[in-house]
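The sequence and the model are shown first.

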Amino acid sequence: MINLLNTTRVTKWLVSGPPFLYLTLFFLLPSLIMVVASFRYPGDYGGLAPLFGVEPGKETGLTLETYRFFFSDFIYTQIFIKSFGVAMASTLVCLLMAYPLALLIAHSPRKHRDFMVLLVILPFASNFLIRVYAWMIILGPQSAFSLAVNHLLGWFGIAPVPLLFSSFAVLVGMVYVHLPFMVLPLYTNLEKHDPVLLDAAQDLGANAWNRFWKVTWPLSLPGVYSGAALVFIPVLGMFAIPDILGGTGDILIGNLIKDQFLGTRDWPFGSTLSIMLTIAVLLLAGITAMISRQGVRQ
Amino acid sequence: MALLEIRNVTRRFGDLVAVDNVSINIEAGEFFTLLGPSGCGKTTLLRMIAGFDLPDGGQILLDGKDLAGTPPEKRPIHTVFQSYALFPHMTVTGNVSFPLKMAGKSPDEIAVKVKEVLDLVHLSDKGESFPHELSGGQKQRVALARGLVNRPRLLMLDEPLGALDAKLREEMQIELITLQRDVGITFVFVTHSQAEALALSHRIAVMNAGRIEQMDEPSKIYSFPVNRFVADFIGRINILQAEVLEAAPDHLRIRIPGMGEVRAPAKTGAARGQKGVLALRPEQVRIAAKIDDVADENHFPGKVRDFLYVGDITTYIVDLNNGARIEALLPNSATGRAKFFEIGDAVKVAWPKDAGLFLND
């Protein structure tokens, strides 16, 4: 009996031990280092000041200074809000563009589907930065696209607008880069739907709109949620696209954090921003989960 | 006027004629069954009645009006699908109220009707359950309730009992009969199980290769099959190659190769020299250790080759001395011994001269 008990306990550790160790090493420890760093002082030449005083008059030890600083200037909260706005807009546009495409692929003949999925992920074959730089050319003032758009605006009496180095360009870049991350989970979900459910709905009197809205859409929600998470979170931390395509005002959290570590070399404040971002994302995820659970109950 | 009139309907898929010039009239209140092996065209016919498929030729009329231009969602015909097709994201109440919501009924009316129909199928306490929390029989009842709740003119059931185990299937058969009688809605039942068809239907259409072989009441189809296919498909039957020796007005004299001469009931159109089969139900065949020579019976000696004991009856397979093989069915209800013969026992088989049917091959 005791032997059996021991065996199950050993088996349990054999199964859950490696993932536990992996998460501790590569997730928990780095996060802890980040948390500790956010409470420390910056070093004289970047990096972190020592924890224990060696020279008199130097700031050492732990402090809440970086957090006070974060809340002292509203600009940081503003950048957070703006970043969440951009992330939500990108997620929404991705969803609107990806859903019809995913439906189309899922309803195509089986032999064509793999090829169509391949087309969706094909852009990953070329370098991310090169693809974003390509948008600089497409959106640039001399591009055919830019000229056409401004010509069109001219008909309505609107003065020419620069497309590049704008929030619009950032949104275009974000959507372009993250679209496949929305298409794939949606397709994976939609492909599994039993077509007889749509027949049943139609047989029971549902027109095309109701068949989508009452059957396909609610059944696809798991795919929508994972697609949204796969777009929202990376967009929130993205700094390359605003750097390349955005204007001077298009600073997002990603840029801010990057600047703290690579520009001003204020590691404690960079760590603080990262932790605030993590907290904000977790809060949002928690709220979303609560809302969706309530939705299921109804 | 018939409720549903199927007039010379034909449906082709490439070279395959799935439904071949089929005409059926289904009366209001009827329990009508389409019976046939898989691939006989019954499901294609069902899909055309529901509106998911259109005939290449012929018409389908409901209350005398052609349905050709009416899409499935506008037809007052509902279907219970073989896989039930319950919406997994809706509760039982959600599923059952779906057709009412689509028809734009008021919430009050929906609540009343859903409660009524759930009472009818004995699922009043399962309203808040999701389909994955239900057993097979319960899912079946939800699918029925969902099909019935908006009182369609016609409810079609596509092999609805196929996924249930034998005991449950029998229970559901009885429930289906009661339900159909209580609600008074016309049922069109599709199945490949002859036992189900015989037990449930007012009328049966036996289909094969896209055509209707015979359409009649269950007892007529069982007792008087019109051809070899129907005889073979409905119930167990001995099929013996036969040739007509004499066609008298009141009886036939036929020769069965390897067996000899037998008498069979008269058949219109049978002529001397005509080849066909003699179809003989196992329950019409008597089996005994010794048979007194009764003049009006066909009888042959043989040996028990095998038997199948299934409780209420025993089926004996008897090899006749002249090489033919015949099945005989004996009830076990006789007092005394439950089993009568062992393998290898010498027996005599006999059947009355008015039993058996001569059929065209």
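Which element gives the largest share of the lining of the second largest pocket? The model in which this is examined is a predicted one.

## The second largest pocket

The largest share of this lining comes from H9(A), which contributes 7 residues.

Two or more lining residues are given by each of three elements of chain A: helix H3 (74-106), helix H9 (208-237) and helix H12 (267-297). Sorted by class, the lining of the second largest pocket holds 16 nonpolar and 2 polar residues, with no charged residues.

## The open sheet of chain B

In general, the strands of a sheet pair through backbone hydrogen bonds, and the pairing may be parallel or antiparallel. Chain B holds an open sheet of 5 strands with antiparallel pairing, in the order S15-S19-S16-S17-S18. Its edge strands are S15 (286-288) and S18 (325-331) of chain B, each of which pairs on one side only. From one strand to the next, the twist averages 45°.

## Strands S17 and S18

The pairing of strand S17 (residues 313-320) of chain B with S18(B) is antiparallel and comprises 7 bridges. Within this pairing, Ile317(B) has Glu327(B) in S18(B) as its bridge partner.

Note on methods
Residues are numbered from 1 along each chain as its sequence is written. Chains are lettered from A and ligands numbered from 1 in the order in which they are written. This is a predicted model: local features need pLDDT of at least 70, side-chain atom pairs count only at pLDDT 80 or more; totals for chains, interfaces and linings use all residues. Side-chain values use heavy atoms; hydrogens and water are left out. Two strands pair if DSSP finds at least two bridges between them. Helices (H or I, at least four residues) and strands (E, at least two) are DSSP runs, numbered from the N terminus. Axes are lines fitted to C-alpha atoms, for helices over the stretch in contact, and angles run from 0 to 180 degrees between N-to-C directions. Ala, Val, Leu, Ile, Met, Phe, Trp, Tyr, Cys and Pro count as nonpolar, Asp, Glu, Lys and Arg as charged, and the others, Gly among them, as polar.
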